[in-house]
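Here is a short tour for anyone meeting this structure for the first time.

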Amino acid sequence: MAKGEYEIKILQSKRVKIQAKSPEPYSTIYKKIKSRNTEFYTYNTKQERSFRVVLKCIHHSKDIDLWKEALEDLGHKPTNIWNVKNYKTKQPLPIYFIDLQPDINNKDIYTIKLLPGCRIEVETLRPKRTIPQKPNCVKCAGPHHTSKCSKKERSDEVKCVLCDENHPANYKIKVTKDKISYPLSQKTTASQISLSKTKYQTRNSKPIQK
């Protein structure tokens with residue numbers, strides 16, 4: 001197996017994470033670890049994962065077994081059906097999740113409009129919302145994560161992403177700008193420094209004499 005087909009990351013508590021980049025090295029790694037009787041856990045590949053859909057406009061008092069039989073008659077193989085509840089009040093909602101066994105006809109479920117005793121709407125599972133944010137390295141202020149920085153050893157050639165000075169961004173020092181000292185910590189940002197400077201100048205400004 002080629003070296004570039006997988007990645008290894010050392011975790012806490014003497015654990016190791018192996019990330020395969022394609023199904024072929026994943027299968028090879030899985031068989032090798034299992035043959036050594038090593039304790040491990042893994043996730044299913046994309047081809048082996050269940051096909052999950054969302055059923056809407058269904059009252060929670062309906063009989064789930066009738067839906068399961070109806071879906072099986074239409075050529076689908078549901079493995080799990082459960083009701084969605086409000087995360088605050090824990091009250092049941094008119095929404096259900098359905099897991100289907102992987103098959104070539106999984107997407108045909110979107111064409112179903114009727115089930116025994118109710119009219120339904122089938123939708124795809126909405127992806128999780130993430131905030132796009134560009135990473136900044138603590139060591140060199142580059143556009144990458146600190147763990148992927150090329151500077152692995154201690155060095156004096158560093159750059160702060162907050163003030164462009166010769167120190168890492170998480171180093172606690174005093175930054176002097178326009179004869180005003182501001183304590184720099186891990187939670188201090190450039191906008192906070194600018195705001196503190198404005199407040200300082202406002203408090204110490206002299207009134208205009210007419």
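Let's start with Tyr110, which is partly exposed, with a relative accessible area of 24%. Keep in mind that this is a predicted model.

What does Tyr110 pair with? Aromatic rings give the answer, and the structure holds 5 aromatic pairs. In one of them, the rings of Tyr30 and Phe40 have centres 5.7 Å apart and planes at 75°, so this pair is edge-to-face. Tyr30 sits in helix 1 (residues 23–35), while Phe40 is in the loop between helix 1 and strand 3 (51–56), so the pair ties together parts that are 10 residues apart in sequence. Tyr30 is partly exposed at 31% relative accessible area, and Phe40 is also partly exposed, at 34%. Now for the partner of Tyr110: its ring and that of Phe51 have centres 6.2 Å apart with planes at 65°, so they too count as edge-to-face. Phe51 belongs to strand 3 and Tyr110 to the loop between strand 5 (92–100) and strand 6 (114–115), so here the parts tied together are 59 residues apart in sequence. There's a cluster to spot as well: ring pairs link Tyr26, Tyr30 and Phe40.

Next up is the inside. The largest nonpolar core has 16 residues, and the ones touching the most other members are Leu55, Ile58, Ile98, Ile109, Leu115 and Ile120. Pick out Ile109 and you'll find that, leaving aside residues up to four places away in sequence, it touches Phe51, Val53, Leu71, His76, Leu100 and Val122.

You'll find His76 in the loop between helix 2 and strand 4 (78–85). Is His76 buried or exposed? With a relative accessible area of 5%, His76 falls under the 20% cut-off, so it is buried. Again not counting residues up to four places away in sequence, His76 touches Leu71, Leu100, Asn105, Asn106, Asp108, Ile109 and Ile112.

Now for some open space. The largest pocket holds about 980 Å³. Of the 27 residues lining this pocket, Lys17, Ile18, Gln19, Tyr41 and Thr42 are the closest to its centre. Strand 2 (15–20) and helix 1 each supply at least two residues of the lining. By type, the lining divides into 12 nonpolar, 7 polar and 8 charged residues.

Finally, a look at two backbone angles. Cys57 has a phi near 65°, a positive value in a residue other than glycine. Lys90 isn't a glycine either, and its phi is also positive, at about 65°. Cys57 lies in the loop between strand 3 and helix 2, whereas Lys90 lies in the loop between strand 4 and strand 5.

| Residue | Relative accessible area | Class |
|---|---|---|
| His76 | 5% | buried |
| Tyr110 | 24% | partly exposed |
| Tyr30 | 31% | partly exposed |
| Phe40 | 34% | partly exposed |
| Cys57 | 46% | partly exposed |
| Lys90 | 54% | exposed |

Notes:
Residues numbered from 1 in each chain as written. Predicted model: local features only at pLDDT ≥ 70, side-chain atom pairs only at ≥ 80, totals over all residues. Heavy atoms only, no water. Phe/Tyr/Trp six-rings, centres within 6.5 Å; stacked < 30°, edge-to-face > 60°. Helix = DSSP H or I, 4+ residues; strand = E, 2+ residues; numbered from the N terminus. Buried < 20%, exposed > 50% of the residue type's maximum accessible area, 1.4 Å probe, protein only. Core = buried A, V, L, I, M, F, W, Y, C linked by side-chain atoms within 4.5 Å. Contact = heavy atoms within 4.5 Å. 1 Å grid on protein atoms, 1.4 Å probe; cavity = no way out; pocket = protein on both sides within 12 Å on 5 of 7 lines; lining within 4 Å. Points joined across faces, edges and corners; volume = space filled by probe spheres on them. Nonpolar A, V, L, I, M, F, W, Y, C, P; charged D, E, K, R; others polar.
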